[in-house]
Amino acid sequence: MDLVQKIYQGGVVGAGGAGFPTHVKYKTKANSLLINAAECEPLLYTDQYEMEYFPEEIIRGIELGRSALEASNVKIAIKEKHERSIKALEKAIESLQVDMDIVKMESYYPAGDEHSVIYECLKTPLAPAALPLTLDAVVSNVTTMRNIYLASQDIPVTDKKITVTGEVEKPIVIDVPIGTTIEECLSLAGKTTVNPFAILIGGPMMGKMIFDKDISTTYVTKTTGGLIVLPMDHPLIARRRQTLKQIQNQTASACIQCDFCTELCPRYLKGHPLHPHEVMKAFGFGDMTHPKLPQASLCCECGICELYSCPMGLSPRIVNAEVKKIMRKEGITKNFTPLPVHPMEEVRKLPTDVLMKKIQIEQYDQHEPLPLKEYTSNKVRLLLSQHIGKPASPIVKIGDRVKRGQEIGHVEETDMGALIHASIDGTVTKITNEFIEITGEGETQ
């Protein structure tokens with residue numbers, strides 16, 4: 001069985017983003033393999049933990065990926081401030097006697113954006129709406145590379161490491177079965193220190209928001225990387241609670257067309273014809289046929305425009321995201337002509353520490369390694385769609401006994417999707433169109 005088949009059998013998806021099925025990505029050849037080890041969002045420490053404690057498995061996974069792609073150029077992009085991670089990787093590279101470079105990046109946001117990784121490593125911008133393969137490159141998250149190595153050893157993806165921080169008693173990195181409730185995850189960090197509260201699943205800039213009432217019905221997936229607990233009156237939460245109509249009204253009445261959102265947009269600075277202020281003007285006045293709107297499809301939704309740039313406190317990111325949904329629904333596409341890289345691109349990078357102060361999260365930043373707690377749940381719900389593409393189909397029935405690592409949700413290898421595996425030993429107790437529930441026989445540990 002070749003590596004691509006092993007990756008498919010392991011149910012590996014991109015661990016650092018939307019969950020692109022990894023076996024699909026590696027069905028190609030490329031000259032460059034670029035590893036995203038930047039841990040893009042503030043407050044997250046999961047990738048750093050993986051690098052510090054499993055560096056040899058990561059490097060072995062990278063070597064397997066290199067071999068599959070027949071890549072001659074391998075680079076690991078990592079923030080230079082992550083010194084412990086860098087030392088661990090350098091030691092593993094030396095021990096395994098492999099040829100790859102570590103590219104040390106400044107601590108800026110969004111350093112982990114795929115376009116930023118490519119530009120840092122290859123010194124060439126990726127064209128608007130283009131895939132890395134147009135530059136003969138493949139980009140993968142550093143934890144994904146460890147999962148590739150584990151898949152080569154017939155160990156599928158069943159667990160997830162997650163940073164739990166913010167308004168919790170004991171900030172921590174946890175290792176839990178996929179399908180564990182968010183409520184159980186929070187309990188591992190002690191009590192929440194505010195009530196009521198909201199949680200950003202992911203990071204403070206791009207994370208999905210849920211509320212305290214949702215924690216028992218929201219579950220860990222293969223792409224869950226962080227849980228950030230914040231008070232309900234925190235600015236990050238207040239902004240996300242606005243309705244789209246409120247956002248549109250505010251845009252129409254308050255957008256002063258200063259173009260700060262454009263001038264600090266990472267994609268614009270790398271030569272993409274994305275001008276958020278133009279999208280804001282059209283959206284604010286309800287002109288959904290405006291010829292400037294399709295450029296919203298180039299937005300990576302990093303959030304700099306609304307959480308740092310805009311002097312009026314408006315929401316270009318949310319507007320761009322909504323416009324993208326409308327265009328997808330209506331099948332609107334457009335070809336974009338790249339612009340030159342902006343001459344101020346280098347000096348307009350947003351330092352992460354400055355960003356954290358601006359969005360009022362610097363008090364949650366941890367400067368020492370967080371402890372790790374391993375946990376086994378007695379009941380899990382494994383979502384059939386945890387990734388981009390086709391959901392898995394159940395191949396078990398209620399009452400079946402399953403073992404951890406056993407395939408329970410299937411897609412064909414030719415599909416854009418990923419297999420789902422049982423994350424605990426137990427009995428299948430419920431199956432719906434959305435999930436498979438497994439209940440163990442012992443007490444929760």
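## Salt bridge between Arg267 and Asp113

A salt bridge joins the side chains of Arg267 and Asp113, at 2.8 Å from N to O; the term stands for a side-chain nitrogen of Lys or Arg within 4 Å of a carboxyl oxygen of Asp or Glu. Arg267 belongs to helix α12 (residues 266-269) and Asp113 to the loop between β4 (108-109) and α6 (114-122), so the pair ties together parts that are 154 residues apart in sequence. Helices (H or I, at least four residues) and strands (E, at least two) are DSSP runs, numbered from the N terminus.

Arg267 is buried, with a relative accessible area of 11%, and Asp113 also counts as buried, at 12% relative accessibility. Buried means under 20% relative accessible area, exposed over 50%, and partly exposed in between (1.4 Å probe, protein chains only).

## Basis of the values

The model is predicted: local features need pLDDT of at least 70, side-chain atom pairs count only at pLDDT 80 or more, and totals for chains, interfaces and linings use all residues. Residues are numbered from 1 along each chain as its sequence is written, and side-chain values use heavy atoms, with hydrogens and water left out.

## Other salt bridges

The structure holds 25 salt bridges. One of them is formed by Lys270 and Glu345, whose closest N and O atoms are 3.4 Å apart. This pair links distant parts of the chain, with Lys270 in the loop between α12 and α13 and Glu345 in the loop between α15 and β11 (350-351), 75 residues apart. Both Lys270 and Glu345 are buried.

Glu301 and Lys324 also meet through their side chains in a salt bridge (2.8 Å, N to O). Glu301 is in the loop between α13 and α14 (304-309), while Lys324 is in helix α15, so the pair ties together parts that are 23 residues apart in sequence. Glu301 is partly exposed, with a relative accessible area of 22%, whereas Lys324 is buried, at 11%. Elsewhere, a network of salt bridges links Glu50, Glu57, Arg146, Lys161 and Asp175.

## Helix α13

Helix α13 (residues 276-284) has seven of its nine residues buried, so it is largely enclosed by the rest of the structure. The buried residues are Pro276, His277, Val279, Met280, Ala282, Phe283 and Gly284. They pack against α10 (244-254), α11 (260-263) and α15 (316-330), where contact means heavy atoms within 4.5 Å. After α13 comes Gly286, which has a positive phi, near 70°.

## Strand β5

In strand β5 (residues 137-141), five of the five residues are buried, so the strand is largely enclosed by the rest of the structure. Ala137, Val139 and Asn141 point one way from β5, and Val138 and Ser140 point the other way; all are buried.

Strand β1 (residues 32-36) pairs with β5 in the parallel sense over five bridges. Two strands are said to pair if DSSP finds at least two bridges between them. Leu34 has Val139 of β5 as its bridge partner.

## The sheet β14-β16-β17

An open sheet is formed by three strands in the order β14-β16-β17, with antiparallel pairing. β14 and β17 stand at the edges, each with a single partner strand, so one side of each is left without a neighbour in the sheet.

β14 and strand β16 (residues 407-410) run antiparallel and are joined by two bridges; Ser393 stands opposite His410 in β16. Two bridges also pair β16 with strand β17 (residues 420-421) in the antiparallel sense, and here Gly409 stands opposite Ile420 in β17.

## Nonpolar surface patch

Phe20, Ile388 and Met416 make up a nonpolar patch on the surface, with about 220 Å² of accessible area together. Patches are made of residues with over 30% relative accessible area and no salt bridge; like charges are joined within 9 Å, and nonpolar side chains (Val, Leu, Ile, Met, Phe, Trp, Tyr) within 5 Å. Accessible areas come from the Shrake-Rupley method with a 1.4 Å probe, and for residues only the protein chains shown count as cover.

Ile388 is partly exposed, with a relative accessible area of 37%.
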